[in-house]
Structure formats: C-alpha cells, structure tokens
Amino acid sequence: MEALEWPRESDKGMKERRQQGVPRRFTEGELKDEETYNAIFAIQGEQARQGYIRDLRRSAREETLGAQFVNYQIRAARMAWEIERRQAGSKRTFFPGAPFPPLSCGQWDATPQGVSREDFTPAMVRTRVTACPHPIAPTCRLVNAETGTERIQLTYLKDGRWQSLVADRADIADKGQIVRRIANRGVEVTSETARELVKYIAEVVALNPEAIPARRSTDRLGWTGRGWRAFAPYCGETVYDGDDSFRAVYAAVAERGNYALWVRTMRILRGNSALFRLVMAASFASPLLEPLNALPFVMHLWGGTGAG
C-alpha cells in the first residue's frame with residue numbers, strides 16, 4: 001500500500017506558530033503514519049522538537065488513540081533511525097600519528113578529541129555520549145596457542161604518546177570489569193562511560209575483521225601449540241600475552257652474540273671439566289622433556305663455601 005504524503009511543517013513555520021501560542025493539530029491519519037515520527041529526527045531545535053512531540057500526544061488524546069500510542073511510535077521510529085544510521089555506512093577513525101591504519105567505527109566520531117557519538121535520550125532530547133575522552137582503538141586480537149582464549153590489544157594516546165595494553169576479551173566486554181582492568185593503565189574510563197566504551201570496542205572489532213589482525217600468542221616460554229613446531233620466544237609469529245610483570249623477562253630472552261665464538265668457547269670448557277659437561281647436558285635436556293613425555297628433574301650442584 002502506497003504511503004500517504006502528509007504536508008510537513010518547516011522549523012520556521014513551527015517556531016512562528018508556537019510564538020503565536022497555536023498548537024499543531026495532527027489528524028488520525030497523520031498519527032498513524034510513520035513519516036510523522038521520522039520527522040522528529042530532522043528537527044534541529046530542542047524546544048521545537050519537544051513542542052512537536054507534545055502536539056503529537058495532545059492530538060492522540062483528542063483522537064482517542066492515547067499518548068501511549070505516540071510513545072510506542074516514537075520508540076519504533078528511534079529504532080528504525082538507529083538501523084538506518086548503521087546501514088548508511090561506517091565512519092573511520094581519525095587519529096593523526098597513530099601506529100595503526102584508520103579503522104571503521106560505525107557511527108562513532110573517533111578523533112583527537114576522543115570517541116563519542118550522537119544519540120537521543122528516551123525523552124527524545126538530542127545528546128552526545130562519550131566512550132573515551134582520548135583516542136583509543138582495538139588493534140590486535142591475540143589467540144592463545146595453548147588454550148584458544150582470545151585477548152584484545154588496545155592502543156591509546158595518553159600523555160602525548162601512544163601506548164598499548166592487552167586485556168581478556170571477556171573483561172572488555174563487561175562494563176564492570178573493563179574499569180578494573182584498564183583504568184589503572186591510564187585509560188580514562190569510569191562507571192559512567194564504561195558501557196559506551198564496551199560498545200565502541202565491540203563494534204570496531206566486528207567491523208574490522210581484516211584490518212585488526214589475529215595473532216598467535218602465548219603466556220610462557222617454551223613449546224607452544226601442538227606438534228612441537230614452535231618454541232617461544234624463538235618463533236617470530238608468536239607474541240606474548242601473559243602477565244605484564246613477566247613481559248620484560250620474556251622480552252629479555254633472545255638470540256645474542258656470536259654463535260661460532262660460543263661453540264669454540266664451550267668446546268674448550270667441556271674438555272676441561274666433566275662437571276661442566278654434566279651441566280650443559282642438563283640444560284640441553286630441558287626443552288626435550290615435554291616432547292619426549294619425560295619426567296622433570298632437578299640438578300643440584302653442592303660444594304663448600306667459596307667453591308663457586
């Protein structure tokens with residue numbers, strides 16, 4: 001059935017009519033037309049918008065439809081407005097100097113001034129809700145090689161420099177946990193803004209399946225995953241996702257020095273001491289225990305004081 005086209009009133013005409021103290025009278029047909037309620041979102045002036053809604057409710061009571069009928073229609077129109085905004089296309093983050101590319105962020109305004117979006121309150125008052133007052137975005141998904149648990153890396157600008165932290169996916173999906181997890185790291189989030197920050201992070205992750213990479217991760221040194229093919233930290237494709245207090249230790253374990261010189265030196269030392277050969281054998285055995293399903297052992301060197 002083709003929708004009827006009802007005459008629409010301009011903001012100027014609405015203002016002039018209200019200055020004269022004349023309320024607008026909506027017919028039953030207009031009250032049942034969804035375009036009447038869609039027009040609410042095009043009214044820029046707050047006073048004019050609220051006056052329009054009051055006229056709708058007054059007219060609905062006069063037409064015996066009741067004010068609740070109007071409230072229901074407004075809620076339906078708001079849902080349709082939100083869906084239309086999402087379908088209209090996504091915005092992109094604009095963080096100059098960020099160490100990651102621009103990301104799709106839905107209807108969020110992600111700028112150097114922070115992350116926020118336009119919204120309407122249940123009373124249809126236009127407002128702006130803030131997720132975070134400074135730049136922030138999810139930039140990497142870390143999938144643990146042993147457990148399959150997923151964590152999210154958040155990159156944010158604070159004190160003039162870009163920083164990052166890693167948090168459990170479950171923590172940043174919960175408005176209560178996200179405050180406990182990331183506020184101490186300098187991210188400006190409170191119990192008031194946590195809900196919006198959770199929405200923003202989830203939406204950016206969902207909208208950027210290719211731009212936000214998924215990387216294999218581990219929270220310990222040693223073999224990772226299955227098949228004994230990767231040994232952390234010597235596998236370049238695996239990143240650390242464990243406790244922050246252990247991060248420096250993990251990063252400190254790396255290949256250094258001259259391998260040929262090390263071999264020559266070790267050959268000399270092994271030839272001079274059976275005890276040294278035993279210590280070297282024990283250290284080389286350590287990474288073989290897990291793939292061989294062998295029991296762990298302890299080697300205890302005992303000697304007198306001052307013996308080294």
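Colleague: Among contacts in the protein between residues at least 6 apart in sequence, what share joins residues at least 24 apart?
Modeller: This is a predicted model, where local features need pLDDT of at least 70 and side-chain atom pairs count only at pLDDT 80 or more, while totals for chains, interfaces and linings use all residues. Residues are numbered from 1 along each chain as its sequence is written, and side-chain values use heavy atoms, with hydrogens and water left out. A contact means heavy atoms within 4.5 Å. Counting contacts between residues at least 6 apart in sequence, the share that joins residues at least 24 apart is 47%.

Colleague: How many helices and strands does the protein have?
Modeller: Both kinds of element are DSSP runs numbered from the N terminus: helices are H or I with at least four residues, and strands are E with at least two. By that rule, the protein has eleven helices and ten strands.

Colleague: What percentage of the 308 residues is buried?
Modeller: Buried means under 20% relative accessible area, exposed means over 50%, and partly exposed is in between (1.4 Å probe, protein chains only). Of the 308 residues in the protein, the buried ones make up 35%.

Colleague: In which sense do strand 7 and strand 10 pair, parallel or antiparallel?
Modeller: Strands of a sheet pair through backbone hydrogen bonds, either parallel or antiparallel. Strand 7 covers residues 214-218, and over three bridges its pairing with strand 10 is parallel.

Colleague: Which residue stands opposite Val 239?
Modeller: Val 239 is placed in strand 10 (residues 238-240). Val 239 touches Leu 142, Arg 215, Arg 216, Ser 217 and Thr 218, leaving aside residues up to four places away in sequence. Among these, the one that stands opposite Val 239 is Ser 217.

Colleague: Is Val 239 buried or exposed?
Modeller: Val 239 and Arg 215 are 24 residues apart in sequence but 7.3 Å apart in space, C-alpha to C-alpha. The relative accessible area of Val 239 is 18%. That is why Val 239 counts as buried.

Colleague: How many of the nine residues of strand 5 are buried?
Modeller: Strand 5 pairs with strand 4 in the antiparallel sense over seven bridges. With strand 6, strand 5 also pairs in the antiparallel sense, over eight bridges. Strand 5 is mostly covered, and the number of its nine residues that are buried is seven.

Colleague: Which residue in strand 5 is the bridge partner of Ala 137?
Modeller: Strand 4 and strand 5 form a hairpin with five residues between them, and Gly 148 in the turn has a positive phi of about 80°. The bridge partner of Ala 137 in strand 5 is Thr 155.

Colleague: Is Asp 159 buried or exposed?
Modeller: Asp 159 lies in the loop between strand 5 and strand 6. Its phi is near 60°, a positive value in a residue other than glycine. The relative accessible area of Asp 159 is 70%, which means that Asp 159 is exposed.

Colleague: Where does Asn 293 lie?
Modeller: Asn 293 has a phi near 55°, a positive value in a residue other than glycine. At 71% relative accessibility, Asn 293 counts as exposed. Asn 293 lies in the segment after helix 11 (289-292).

Colleague: What distance does helix 10 reach from its first C-alpha to its last?
Modeller: The expected span of a helix is 1.5 Å times one less than its number of residues. Helix 10 (residues 274-285) has twelve residues, and 16 Å is expected at 1.5 Å a residue. Close to that value, helix 10 reaches 17 Å.

Colleague: Which strand holds Val 129?
Modeller: Val 129 is buried, with a relative accessible area of 18%. Val 129 touches residues including Trp 108, Val 115 and Glu 196. Val 129 and Val 115 are 14 residues apart in sequence and 8.8 Å apart in space, C-alpha to C-alpha. Residues 126-132 form the strand that holds Val 129, strand 3.

Definitions and conventions:
Two strands pair if DSSP finds at least two bridges between them.
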